[in-house]
Amino acid sequence: MDTSLFLVQLLNGVQYGLLLFLIASGLTLVFGVMGILNLAHGSMYMIGAYLAYYFTTLTGSFFLAFIISGSIALLIGIVIERFLIIHLYKRDHLDQVLLTVGLIFIFNSIQSFVWGNDPLGVEVPALLSGSIKLTDIIEYPIYRLFISALCIVVAVSMYLTINKTKLGMMIRAGESDRAMVENLGVDISKLFTIVFAIGVFLASLAGIVSAPIVSLVPGMGEHVLISCFVVVVIGGLGSIKGAFVAALIVGIVDTYSSVLLPQISSMSIYLLMALILLVKPQGLFKN
Amino acid sequence: MSNILEVHGLQTLYGASHILHGVSFDIKAGETVSIMGRNGMGKSTTLKSILGIAPPRSGSVIYKGEDITRLPTWKRMRQDIAYVPEGRGMFHNLTVKEHLLMAARKNSRGEANWTYDQVLEVFPRLIERLTNKGTQLSGGEQQMLAIGRALLTNPDLLILDEATEGLAPLIRKEIWQVIRKIKDSGVSTIIVDKNIKVLNELCEMHILIVKGKVVFNGDSETLNENKEFIEQSLAV
C-alpha cells in the first residue's frame, strides 16, 4: 500500500468511526442514564436514511430533507419513550429486549411496506459534491469530509452539553442516583424523555447523512446495530468518551482490514473486541 | 402561627410488612422538630411517606394547606421542600461544585435566600474540595455537601435524616452549628437523630416514634418531664 492510499483509507476509517460514534453515543447515553438497552436503535438509523430519501425525492432538496427528517426523528423518539419505554423502567431486561426487538420488526415492516425491498440511493447534494485535492495526487470527496465535520461538531456539542450545562449535570446525576435527582425536585421522567429523544435523533442523524454514501436496503439497521454494540462494549457500557475512542478504533481497524486483510475483514472488529475484553473486561472507559 | 405541615394517620407498608400504624403530627411554620426513636421504628419511613418516596397506603400529608399526598416526589420538592437522606445521596460522577450548581434554583416565590457563595461561606471546608467528586469526600464533607445542596434549592421545609450519624465529634459539632444557623434563618426543619441532648436544646418540638406509632409529641419542657419514659423508649 502506498502512502496516498494509506492516507485515504485513514480518512475513510476516521469518517466511518465518527459516524459510528454518532450512532453508538445515543445507544450508550440511553443505556447509561436510563438503564434501557434499545435494540431498535439501529432501526432509527435506517428510518433516518429512508426519511432522508423520501423527503429529498419529495422536496428536491437534501438540506430541507435533513431538517424535516431530523425533526421527525425527534418526534419519534418522544413518542416511543412516552408510550412504550415508560413502561419498562420498573421491569427487567428481558422485557426491554422483547419490546425493542418488537420495534425492530415494526420498523422493518414499515420500511418494506412504504419503500419496498429494492435498494435505493440518495444523490450527494450538489453543494457538497465533487472532491477536494488534499495533495498533488490525493483527492477526497467533499461530502465525506462534511460528514466527518458534522460528527465532530455533534461530538463537541455533546461534550459541552454533558459536561458544562445544568441539563448535562442532571443527566449525569441521573446516571449515578436517579432517586436522589428526583429528591432535588427534578422531573426525572421529562429528563428521560429528553435523553431518549436525543438518542433516537443521533441515530437518525447518522442515517440521514449516510443516505448519500450508502445504499438503502432492508436490514441496514441491524447491521449497524451490531457494529454499535462492538463500539459500546469496547468503550465501556454507558461511557460516551469510551464510545468516541472505541468508534474511531473500530472505524480505522474495519477500514484497514478490508484493504489489507480482506479474508478476515468481516471478523476483524470482533477479534479486536475479544482482545480488548481480555485485557479490560469492563471496556476501555468503564467507571 | 400556621401549620406548614400536617400529617394525618399515615399507614405505610413495605411489601408485606406494616411499618407505620397511623402516624399523625403537625409542624408549625418556622419550627424545628425532632423525630426520635430506635432503629427500625419507622422514623425514616415517616419522612419518606411525607415526601412520597414510600407512599402511604392511607392517611394524608397537608403541606401549606394543600393536600400533597398523591403528588410525585419531585413536585413536592418543587414546593420548597428539601431532603437530606440518610446516606447523603452523593453522585459519584459529579464534582462538589457540580453538586451545588445542578441543584441550585430559586424557590417557588422566585426568591434565592441561599446562593452558591453563601453555602461555601457556611461550609468553608468544601472550597478546597470543589473539583473532587462527591464520593471522594470524607463522611463529614459529604454531609456538608448534602446539606449545602439542599439549601441551594431555597427550601421552606428542610428534612434531615441522620445528619450526624457516623461522624467524628468535631465534625458533628460543626454540622449542629450549621443546623442552628438554618433554624435562625427561619426555615422549618425536621431532624431525625439520636442525640437527645442536642435535639432537646435545638428543637422546639419533639416526636417519639415506637413501632410505627407516635408515642410522644411535645415541647422540650414536656420532654424533660417525661425524660425517663423517653430514654427507656430509646434504649436498646
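Okay, some housekeeping. This is a predicted model, where local features need pLDDT of at least 70, side-chain atom pairs count only at pLDDT 80 or more, and totals for chains, interfaces and linings use all residues. Residues are numbered from 1 along each chain as its sequence is written, chains are lettered from A and ligands numbered from 1 in the order in which they are written, and side-chain values use heavy atoms, with hydrogens and water left out.

Let's start with helix α9 of chain B, residues 227-234. Helices here are DSSP runs of H or I with at least four residues, strands are runs of E with at least two, and both are numbered from the N terminus. Which residues of this helix are buried? They're Ile230(B), Ser233(B) and Leu234(B). Buried means under 20% relative accessible area, exposed is over 50%, and partly exposed is in between, with a 1.4 Å probe and protein chains only. Looking down the axis of α9(B), the buried residues fall within an arc of 95°, so they line one face of the helix. That arc is taken from the directions from the helix axis to the C-beta atoms. Over on the other side of α9(B), Glu228(B) and Gln232(B) are exposed. And what covers the buried residues? Among the chain B elements doing that are β3 (32-36), α7 (196-202) and β9 (205-210).

Lys64(B) isn't a glycine, yet it has a positive phi of about 50°. You'll find Lys64(B) in the loop between β4 (58-63) and β5 (66-67) of chain B, and it's partly exposed, at 39% relative accessibility. Glu162(B) also has a positive phi of about 50° without being a glycine. Glu162(B) sits in the loop between β7 (157-161) and α6 (169-184) of chain B, but this residue is buried, with a relative accessible area of 6%.

Finally, the interface. Chain A brings 18 residues to the contact and chain B brings 21. About 1,800 Å² is buried between the two chains, with 61% of that from carbon and sulfur atoms. Buried area is the accessible area (1.4 Å probe) that two parts lose on being put together, summed over both. In chain A, Met169(A), Asn183(A) and Leu184(A) lose the most area to chain B. There's one salt bridge across this interface, meaning a side-chain nitrogen of Lys or Arg within 4 Å of a carboxyl oxygen of Asp or Glu. Glu98(B) and Arg172(A) meet in a salt bridge at 2.9 Å, N to O.

Notes
Contact means heavy atoms within 4.5 Å.
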